[in-house]
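User: I've got a model open and want to go through it with you. Can we take it piece by piece?

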Amino acid sequence: MSVTRHNWTKEEILEIYNKPLMELLYEAATIHREHHDPNTVQVSTLLSIKTGGCPEDCGYCPQAARYHTDLEGNDLMTVPHVKAQALRAKASGSSRVCMGAAWRNVKDGPEFEQVLEMVRTINKLDMEVCCTLGMLTENQAQRLAEAGLYAYNHNLDSSEEYYKEVISTRGYEDRLETIDNVRKTNVTVCSGGIIGMGEKEEDRAGMLVALATLNPQPESVPINALVAVEGTPLEDQQPVSIWDMIRMVATTRIVIPETQVRLSAGRTEMSREGQAMCFFAGANSIFAGDKLLTTPNPDVNEDMEMFKLLGLNPQKPFIKKMQPKTVEAEDSQFKSLGEKPKWSRPEHTIERNEEAKKKGRDKKIDKVIQQAIEAESKEETKIKA
């Protein structure tokens, strides 16, 4: 039985990542079978409960308000709407609902109270509930735990070094502090990253060092392939190769053996054969549904056909950890503190982010001018008529 280590070095992980592929796959598949059922894959549904308007400058994200991506934003969903979506997801085979809001950090107030009620509602449907809401304090994490939250997602995205080339509006240490705040509760941690952003193999290893040296290690590690969206700073990045995805999944499985490795964004670019190799290498979770927050995703029926072809079964909820109890709002021990934490804002600038911001601003101006011209033309037509 492989032993979980918390002292991995970048050099050791790079050596694993660059092994001959057949050796890498054999080692990863062997470790996978020691800790997991190789024929079971968790199906999760990702739901964007508040889309667009985010103040951050993450270079990969179409939800950043500063970029022009033609994204149609929406206000925070209602609890009944979220419940209906969760029931639909459950009927299609999902055992987990992951709710994402385009926030920099959680703010105490009516919207957070609404999210807490969403968590209570979904947990009562006997589904695992995950949230990704940005940075949060220990008290906010405790309130989510009381509501019945199963997991909190807060990705590291990349290595600490390359992170500074992608995001300038928040610090890496804030991400680690948020994970630490979650660890002070009974909520599990979901944290991974994105490959294909222009990083080096050393950065991929660096991200895995940061995750693997956490004690305990994250219960979930999403591995995302960048989906380059027009209007974002990373719009011109070429799709990452399937071989890189397979290597990253296999390496993650070896250094974080007990985690659920989540094959996340970018699956629309992967063949069934490529996805099958990822499952063989240790991936045991996917996101279902036609969208991952804002980017395309395979249809759930296609996924079920693939599962049938490969002999895979959807994982039932609460296999890894007991279902949390829901504490109603009126019985909660943790109340709103009206906190206004000052999360860090690094002062460096990222040139490609600034260029995308300027391009987005120019597009918005052009759009306003064009709308004004069209409105004037319609008015003239009316007068002539």
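User: Which residues does Asp174 touch, not counting those up to four places away in sequence?

Analyst: This is a predicted model. In it, Asp174 touches Met135, His154, Trp343 and Ser344, leaving out residues up to four places away in sequence.

User: Where is Asp174 placed?

Analyst: Asp174 is in helix H7, which covers residues 172–183.

User: Is Asp174 buried or exposed?

Analyst: Buried. The relative accessible area of Asp174 is 4%.

User: How far apart are the C-alpha atoms of Asp174 and Arg345?

Analyst: They are separated by 9.7 Å. Along the chain, Asp174 and Arg345 are 171 residues apart.

User: What share of the contacts comes from residues 24 or more positions apart?

Analyst: 80%, taken over the contacts in the chain with a separation of 6 or more.

User: How many helices and strands does the chain have?

Analyst: The secondary structure comes to 12 helices and 12 strands. The chain has 385 residues, and 55% of them count as buried.

User: New topic, helix H11. Which residues of H11 are buried?

Analyst: H11 spans residues 300–310, and Val300, Asp303, Met306 and Phe307 are buried there. Down the axis of H11, the buried residues fall within an arc of 115°, so they line one face of the helix.

User: Why do residues three or four places apart point the same way in an α-helix?

Analyst: An α-helix has 3.6 residues a turn, so residues at that spacing point the same way.

User: Which residues are exposed on the other side of H11?

Analyst: Asn301, Lys308 and Leu309 are exposed there.

User: What follows H11?

Analyst: Gly311 does, and its phi is positive, near 70°.

User: Back to H10. At what angle do H10 and H11 pack?

Analyst: About 60°, with the axes 11 Å apart. From H10, the contact is made by Arg272, Gln275, Ala276 and Phe279. From H11, Glu302, Glu305, Met306, Leu309 and Leu310 take part. H10 passes H11 in a right-handed crossing.

User: And H9 with H10: at what angle do their axes cross?

Analyst: At roughly 15°, and the axes come within 8 Å. H9 covers residues 242–255. An angle under 35 degrees counts as roughly parallel, and H9 and H10 are therefore roughly parallel to each other. Their crossing is right-handed.

User: Which residues of H9 and H10 meet?

Analyst: H9 brings Ile242, Trp243, Met245, Ile246, Val249, Ala250 and Arg253. In H10 they meet Gly274, Met277, Cys278 and Ala281.

User: What about Cys131: which cysteine sulfur is closest?

Analyst: The one in Cys130, at 6.7 Å. That is too far for a bond. Cys131 is buried too, with a relative accessible area of 0%.

User: Now the backbone. Which residues does the cis peptide bond with omega of about 5° join?

Analyst: Asn215 and Pro216. Pro216 is in the loop between helix H8 (201–212) and strand S7 (220–225).

User: What is phi for Asp126?

Analyst: It is positive, about 60°, although Asp126 is not a glycine. Asp126 is in the loop between helix H4 (110–123) and strand S3 (128–132). Asp126 is partly exposed, with a relative accessible area of 42%.

User: And Phe318, what is phi there?

Analyst: Near 65°, again a positive value in a residue other than glycine. Phe318 is in the loop between S12 and helix H12 (351–384).

User: Is Phe318 buried or exposed?

Analyst: Phe318 counts as buried, at 16% relative accessibility.

How values were computed: Residues are numbered from 1 along each chain as its sequence is written. This is a predicted model: local features need pLDDT of at least 70, side-chain atom pairs count only at pLDDT 80 or more; totals for chains, interfaces and linings use all residues. Side-chain values use heavy atoms; hydrogens and water are left out. Buried means under 20% relative accessible area, exposed over 50%, partly exposed in between (1.4 Å probe, protein chains only). Helices (H or I, at least four residues) and strands (E, at least two) are DSSP runs, numbered from the N terminus. The arc is that of the directions from the helix axis to the C-beta atoms. A disulfide is a pair of cysteine sulfur atoms within 2.5 Å. Axes are lines fitted to C-alpha atoms, for helices over the stretch in contact, and angles run from 0 to 180 degrees between N-to-C directions. Angles under 35 degrees count as roughly parallel, over 145 as roughly antiparallel, 65 to 115 as roughly perpendicular and the rest as oblique. A crossing is left-handed if the near helix is turned anticlockwise from the far one by less than a right angle, and right-handed if clockwise. Contact means heavy atoms within 4.5 Å.
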